[in-house]
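Have the sequence and the 3D view open as you read.

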Amino acid sequence: MEEQFILRVPPNVAERIERLLNENNASSSEDKSLDLSFREDGRSGTFMIGNEQFPASLLDLPCVVESYKTYDDNSLIKTADIGQMIMVRESGDAAPDVIEYRHGLTPPMRDARKRRFRREPDLNPGLVSRVEKDLLKIMAGGTADNLDVETAEQEEGDENARGANKKSAPKPAPKHDIPENLTNAGEADRSDSEESDDSV
């Protein structure tokens, strides 16, 4: 697996990079070198093309993107999972204030974090730690300290109410003695052998 990232540059810089890559003799071009350096924070830096400098920022993508290579235009070979993008911007543009980029790389992934992913629940950290401690105590064989007395009393009241509302099951009605050889109409059952065969 390779380590890869996305380099997003302004359109005029993209043209210069494409020109530099397509030329056979790079010494004839004024954009002879590309350089990328980061500051100590690891998130902001400078992108240089020729003698011109552009501010750059390292941003996390909202989802992982797979990249593939092909040698014969028939078979694809996965080469990397890309999770970060270096965004080069013009000198006057403001730096992003977040470390995660809001959009994906393609139009369907626009505003991906808000539209496609589940929202994180709003949980009180104190409540979470208290519940965790209670669960650990219960698993160790103890009881939870933070049980509400009202809840316990309410459950006892519900059980008493349920017990009072229960009725004894009605007794089944006694069956009358019915001869087995009688049908619903009171006639005796005839077997097939007793029936006369008039077809002869």
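The largest nonpolar core in this predicted model has 10 residues: V9, V13, I17, F47, I49, F54, A56, L58, I86 and V88. Strand β4 gives the most, with 3 residues.

**Inside the protein**
- Skipping neighbours within four places in sequence, F54 is in contact with V13, R16, G45, T46, F47, I49, V88, R89 and E90.
- Another core of 6 residues lies apart from the largest one, and its members include L59, I82, M85 and Y101.

**On the surface**
- Four residues, L127, V131, L135 and I138, form a nonpolar patch on the surface, and together they have about 330 Å² of accessible area.
- You'll find V131 in helix α3, which covers residues 125-139.
- Is V131 buried, partly exposed or exposed? V131 counts as partly exposed because its relative accessibility is 40%, and that label covers the range between under 20% (buried) and over 50% (exposed).

**The whole protein**
- There are 4 helices and 5 strands, and from the N terminus on they run β-α-β-β-β-β-α-α-α.
- Of the 200 residues, 20% are buried.
- Take the contacts between residues at least 6 apart in sequence: 47% of them join residues at least 24 apart.
- The accessible surface comes to about 16,800 Å², and carbon and sulfur atoms account for 49% of that.

Definitions and conventions: Residues numbered from 1 in each chain as written. Predicted model: local features only at pLDDT ≥ 70, side-chain atom pairs only at ≥ 80, totals over all residues. Heavy atoms only, no water. Core = buried A, V, L, I, M, F, W, Y, C linked by side-chain atoms within 4.5 Å. Buried < 20%, exposed > 50% of the residue type's maximum accessible area, 1.4 Å probe, protein only. Helix = DSSP H or I, 4+ residues; strand = E, 2+ residues; numbered from the N terminus. Contact = heavy atoms within 4.5 Å. Patch = residues over 30% accessible without salt bridge, like charges linked within 9 Å, V, L, I, M, F, W, Y side chains within 5 Å. Areas by Shrake-Rupley, 256 points an atom, 1.4 Å probe, with all protein chains shown as cover. Salt bridge = Lys/Arg side-chain N within 4 Å of Asp/Glu carboxyl O.
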